[in-house]
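Hi everyone, thanks for coming.

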Amino acid sequence: MLATIHELDSGLRIGLRLSRPSDAPRVRAFLERLSLDTRLKRFFMAMPEIDESTVNHFTFYNPRERVVVAATAPLAGVEEVIGLADIALVDTGVAELGIVVDDEHQGKGVGGALIEAVASLAAAHGATHIRAEMLDHNRAMARLLQRLGRTVQTVEDGHVLAYTRLPLRTDRRAA
């Protein structure tokens with residue numbers, strides 16, 4: 001799925017690839033384009049300013065612990081980030097998910113492509129479940145998780161968490 005161009009049902013053509021440090025200006029521009037509501041849904045605060053540590057979160061990471069996938073599209077002749085998904089292996093078999101798509105491209109399949117890519121990466125790293133913390137009114141996030149499989153929501157320490165079981169990998173070979 002990564003490093004290829006995907007044509008979505010909406011007709012939008014996107015690339016999916018791992019983010020890298022050289023993406024910092026594109027990631028900053030992407031985050032600054034997000035509406036306050038979209039920032040709230042992803043970061044659980046409105047974030048009127050985007051600080052350097054937030055940009056670094058998406059561009060500098062240890063790929064053994066966490067990966068960040070960028071959805072990009074050629075807009076106005078330049079590659080722009082239009083979505084980001086990160087997945088961290090936090091517990092045995094559980095991967096923590098964060099995902100955000102810019103307001104202009106929400107509902108066009110970008111989130112679905114991102115979640116499938118990071119779910120595949122998580123499974124390849126041994127995860128059997130994805131966990132996502134979300135606001136209780138974030139129906140779009142709940143729908144994305146349900147695309148992957150059976151999803152259960154719970155409240156833990158006052159936070160809404162959703163757990164999705166990843167499909168069993170069929171490419172494992174006996175030693």
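Predicted model: local features only at pLDDT ≥ 70, side-chain atom pairs only at ≥ 80, totals over all residues.

Residues are numbered from 1 along each chain as its sequence is written, and side-chain values use heavy atoms, with hydrogens and water left out.

With that word in hand, please find Phe60. Setting aside residues up to four places away in sequence, Phe60 touches Pro21 and Arg66. Phe60 sits in the loop between α3 and β3 (66-75). Those labels are DSSP runs numbered from the N terminus: helices are H or I with at least four residues, and strands are E with at least two.

Now step back to Thr59, which belongs to helix α3. Is Thr59 buried or exposed? Thr59 counts as buried, because its relative accessibility is 2%. Here buried means under 20% relative accessible area, exposed means over 50%, and partly exposed lies in between (1.4 Å probe, protein chains only). The side chain of Thr59 reaches the backbone oxygen of Val55 at 3.0 Å. Not counting residues up to four places away in sequence, Thr59 touches Ser19, Arg20, Pro21, Asp23, Ala24 and Val27.

Two of those names lead us to a helix pair. Ala24, Val27, Arg28 and Leu31 in α1 meet Glu52, Thr54, Val55, Phe58 and Thr59 in α3. By class, this contact of α1 with α3 has 5 nonpolar, 2 polar and 2 charged residues. For the classes, Ala, Val, Leu, Ile, Met, Phe, Trp, Tyr, Cys and Pro are nonpolar, Asp, Glu, Lys and Arg are charged, and the others, Gly among them, are polar.

How do the two helices cross? The axes of α1 (residues 24-33) and α3 (residues 52-59) come within 9 Å and cross at roughly 120 degrees. That makes α1 oblique to α3. Angles under 35 degrees are roughly parallel, over 145 roughly antiparallel, 65 to 115 roughly perpendicular, and the rest oblique. The axes are lines fitted to C-alpha atoms, for helices over the stretch in contact, and angles run from 0 to 180 degrees between N-to-C directions.

Next, another pair. Helix α4 (residues 110-124) and helix α5 (residues 139-148) pack with axes 10 Å apart, at an angle of about 50 degrees. So α4 and α5 are oblique to each other. On the α4 side the contact uses Gly111, Gly112, Ile115, Glu116 and Ala119, and on the α5 side Leu144, Leu145, Arg147 and Leu148.

Let's finish with Thr72, in strand β3. Thr72 is buried, with a relative accessible area of 6%. The C-alpha atoms of Thr72 and Ile14 are separated by 5.4 Å, although the two are 58 residues apart along the chain. The side chain of Thr72 also makes a polar contact with the side chain of Glu79 (3.2 Å). A polar contact is a pair of N or O atoms within 3.5 Å; within protein, one must be able to donate a hydrogen and the other to accept it, and residues adjacent in sequence count only if both atoms are side-chain atoms.

Key:
Contact = heavy atoms within 4.5 Å.
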